[in-house]
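Please read the following note alongside the sequence and the model.

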Amino acid sequence: MKELYDILFETRSIQVDATNPFTFASGIKSPIYCDTRRLISYPKERKMILNGFLEKISKMKIECVIGVATGGISWGAWLSDRLDVPFGYVRSSHKDYGKKQSIEGDIDVSKNILVIEDVVSTGGSIGRAINLLKESSAKSLNAFSIFSYQFSESLEMFQKLNVPFQSLLTLEGLLEHTSDKMGSSKNEIELWKKNPWRWRRNE
């Protein structure tokens, strides 16, 4: 598993900067940022991530994969190809032209569906996708991400949605396996992890 965490640094998909924090879409300021979209440009590393996914879901009997736009689309498509099952995706916002669909693809919602997101922080995007699938009468859903910051609100959200969630890689795992790569920022990341919303709130 350590080699998968190393990949994040080797491809510069993880960036650490406690001096000039990153700002998430939610407004949270962070000393660490995971950009898995960089991974799609690295074939060897991409395959290693996909193999990690396949190992994790080997007993789940997935019958359909849904990607969450935009970061989950490419990973979901590659994964569905490896599993030889149908693929679709959920748009990031409502489409107000054409068929006005939010869910794209010819999806049988009675199947066992795996919902793929690249990175989960507060869980807003994947939560919206799951709610849209449930409104479309999907019954059997599992959620998976490449990386999760493990925010308490996202974990509580999956519990409320009653959808099992797993992440291939997590912030906790990153701190455990690659702390030597974080230098002096490690302590700041651990402080941030305890309460991301309040970290440097007054700066």
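Predicted model: local features only at pLDDT ≥ 70, side-chain atom pairs only at ≥ 80, totals over all residues.

1. Helix α3 covers residues 71-83, 13 residues in total. From the first C-alpha to the last, α3 reaches 19 Å, which is close to the 18 Å expected at 1.5 Å a residue. Just after this helix, Asp84 takes a positive phi of about 60°.

2. The buried residues of α3 are Gly71, Gly72, Trp75, Gly76, Leu79 and Ser80. Viewed down the helix axis, these buried residues fall within an arc of 135°, and they therefore line one face of α3. An α-helix has 3.6 residues a turn, so residues three or four places apart point the same way.

3. What does the buried side of α3 pack against? Its buried residues pack against the helix α2 (43-56) and against the strands β5 (64-68), β6 (87-90), β8 (112-120) and β9 (140-148).

4. Thr11 lies in the loop that joins α1 (2-10) to β1 (14-16). Although placed in a loop, Thr11 is buried, with a relative accessible area of 1%. Leaving aside residues up to four places away in sequence, Thr11 touches Arg38, Leu39, Tyr42 and Glu45.

5. The whole structure contains five salt bridges. Among them is the pair formed by Asp6 and Lys2, whose closest N and O atoms are 3.1 Å apart. Both residues belong to helix α1 and are separated by four residues, about one turn of the helix. Asp6 counts as buried at 13% relative accessibility, whereas Lys2 counts as partly exposed at 38%.

6. Asp6 also forms a salt bridge with Lys181, with the closest N and O atoms 3.2 Å apart. Because Asp6 lies in helix α1 and Lys181 in the loop between α6 (171-178) and α7 (185-194), this pair ties together parts that are 175 residues apart in sequence. Lys181 is partly exposed, at a relative accessible area of 37%.

7. Arg37 counts as partly exposed, at 47% relative accessibility.

Methods
Residues numbered from 1 in each chain as written. Heavy atoms only, no water. Helix = DSSP H or I, 4+ residues; strand = E, 2+ residues; numbered from the N terminus. Expected span 1.5 Å × (residues − 1). Buried < 20%, exposed > 50% of the residue type's maximum accessible area, 1.4 Å probe, protein only. Arc of directions from axis to C-beta. Contact = heavy atoms within 4.5 Å. Salt bridge = Lys/Arg side-chain N within 4 Å of Asp/Glu carboxyl O.
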